[in-house]
Amino acid sequence: MSARGRRVAAALFGTLVAIGLSARAQPPFGGPPPPPQPARESATIDLTGQWVAIVNEDWRWRMVTPPKGDYASVPLNAEGRRVADLWEPAQDGACEAYGAAGLMRMPTRLRISWDGDELLQVETDAGQQTRRLNFDRSAAPGERSLQGHSLAAWIRPQATPGGPGLVMAAGGQGRSGGYLTVTTTHLLPGWLRRNGVPYSQNAVLTEHFDRFRAPNGDEWLMVTAMVDDPIFLNTRYVTSSHLKREPDRAKWNPNPCGPT
């Protein structure tokens with residue numbers, strides 16, 4: 001081999017050694033993923049702030065208390081209708097109407113804030129209720145309550161070989177679009193409407209919270225809710241509620257609910 005050839009070979013060998021050392025310094029491909037970020041840091045959208053319900057559908061069931069026996073559009077079974085017919089107007093304003101499965105249909109304002117890194121708090125001025133959306137999926141439920149036990153998870157879009165898909169966010173690097181999903185169980189019995197349309201303690205409430213901006217710059221929150229109840233419903237009850245972001249708390253007006 002010529003002197004020039006030996007120099008080229010030596011340089012190539014040195015380069016290969018350097019690459020090998022660098023590769024050993026890096027974590028192996030397919031190694032353990034980085035630890036998940038706290039839910040507050042990995043949020044796909046920002047839900048915090050003040051929001052007011054915009055009643056653009058079902059006005060007669062949401063803005064006023066419907067008359068006894070008005071449970072049109074709710075898929076009640078025979079037992080559900082029997083229980084709904086037990087309601088009396090004197091019960092109007094009772095706290096059963098402000099349980100988790102009916103609360104977002106109220107003409108209310110929301111105040112959403114973080115309570116630590118793994119708990120999102122949703123307060124309402126209508127009925128003065130507080131929901132606690134827990135991102136710690138190992139958290140054990142306490143006693144049954146009107147707001148129940150809510151487990152939350154960020155859902156973000158992710159490209160897949162077969163097309164677009166969705167994955168649950170177990171951490172991540174900042175906001176990348178998506179929405180919040182919440183599953184609520186461990187409820188006390190409550191009402192889907194203020195006129196006593198019932199859901200039972202066996203009900204499961206699944207919600208999707210999404211935020212979007214209108215062309216005029218207004219910020220909107222959309223809450224799609226699905227109630228499954230084997231006791232009082234024939235099939236899943238689905239609603240979609242819209243709230244508009246407010247600049248401050250000037251119109252916050254808490255009003256407590258009353259006993260049954």
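Okay, let's start inside: about 60 Å³ of space lies in the second largest cavity of this predicted model. By cavity I mean, on a 1 Å grid over the protein atoms alone, a set of points where a 1.4 Å probe fits but cannot get out, with lining residues having an atom within 4 Å of a point. Grid points are joined across faces, edges and corners, and the volume is the space filled by probe spheres set on those points.

Quick housekeeping before I go on. Residues are numbered from 1 along each chain as its sequence is written, and side-chain values use heavy atoms, with hydrogens and water left out. Since we're on a predicted model, local features need pLDDT of at least 70 and side-chain atom pairs count only at pLDDT 80 or more, while totals for chains, interfaces and linings use all residues.

So, who lines that second largest cavity? You'll find Ala100, Ala101, Gly102, Leu103, Met104 and Arg105 there, along with Leu205, Glu207, Val223, Ala225, Thr239 and Ser241. By class that's 7 nonpolar, 3 polar and 2 charged. For the classes, Ala, Val, Leu, Ile, Met, Phe, Trp, Tyr, Cys and Pro are nonpolar, Asp, Glu, Lys and Arg are charged, and the others, Gly among them, are polar.

Which element gives the most to this lining? That's α4, with 4 residues. At least two residues each come from α4 (100–103), β11 (204–213), β12 (219–228) and β13 (237–246). Those labels are DSSP runs numbered from the N terminus: helices are H or I with at least four residues, strands are E with at least two.

β11 and β12 pair in the antiparallel sense over 10 bridges, where pairing takes at least two DSSP bridges between the strands. They make a hairpin with 5 residues between them, and glycine 217 in that turn has a positive phi of about 100°. If you want a landmark, threonine 206 stands opposite methionine 226 in β12.

On to the next pair: β12 and β13 are antiparallel too, over 8 bridges. How many of β12's 10 residues are buried? It's 7, so the strand is mostly covered, with buried meaning under 20% relative accessible area, exposed over 50% and partly exposed in between (1.4 Å probe, protein chains only).

As background, most residues other than glycine have a negative phi. Aspartate 58 sits in the loop between β1 (49–54) and α2 (59–62), and it is partly exposed, at 29% relative accessible area.

There's another one like that: histidine 186, also not a glycine, has a positive phi of about 60°. You'll find histidine 186 in the loop between β8 (179–185) and β9 (190–191). It is partly exposed as well, with a relative accessible area of 26%.

Back to β1, where glutamine 50 lies. Is glutamine 50 buried or exposed? Buried, because its relative accessibility is 4%. Its side chain has a polar contact of 3.5 Å with that of arginine 249. A polar contact is a pair of N or O atoms within 3.5 Å; within protein, one must be able to donate a hydrogen and the other to accept it, and residues adjacent in sequence count only if both atoms are side-chain atoms. Leaving aside neighbours within four places in sequence, the contacts of glutamine 50 (heavy atoms within 4.5 Å) include Leu110, Lys244, Asp248 and Trp252.

Finally, the whole chain: it has 4 helices and 14 strands, and 44% of its 260 residues are buried. Of contacts with a separation of 6 or more, 62% are between residues 24 or more positions apart.

Key. On a 1 Å grid over the protein atoms alone, a cavity is a set of points where a 1.4 Å probe fits but cannot get out, and a pocket is an open set with protein on both sides within 12 Å along at least five of seven lines; lining residues have an atom within 4 Å of a point.
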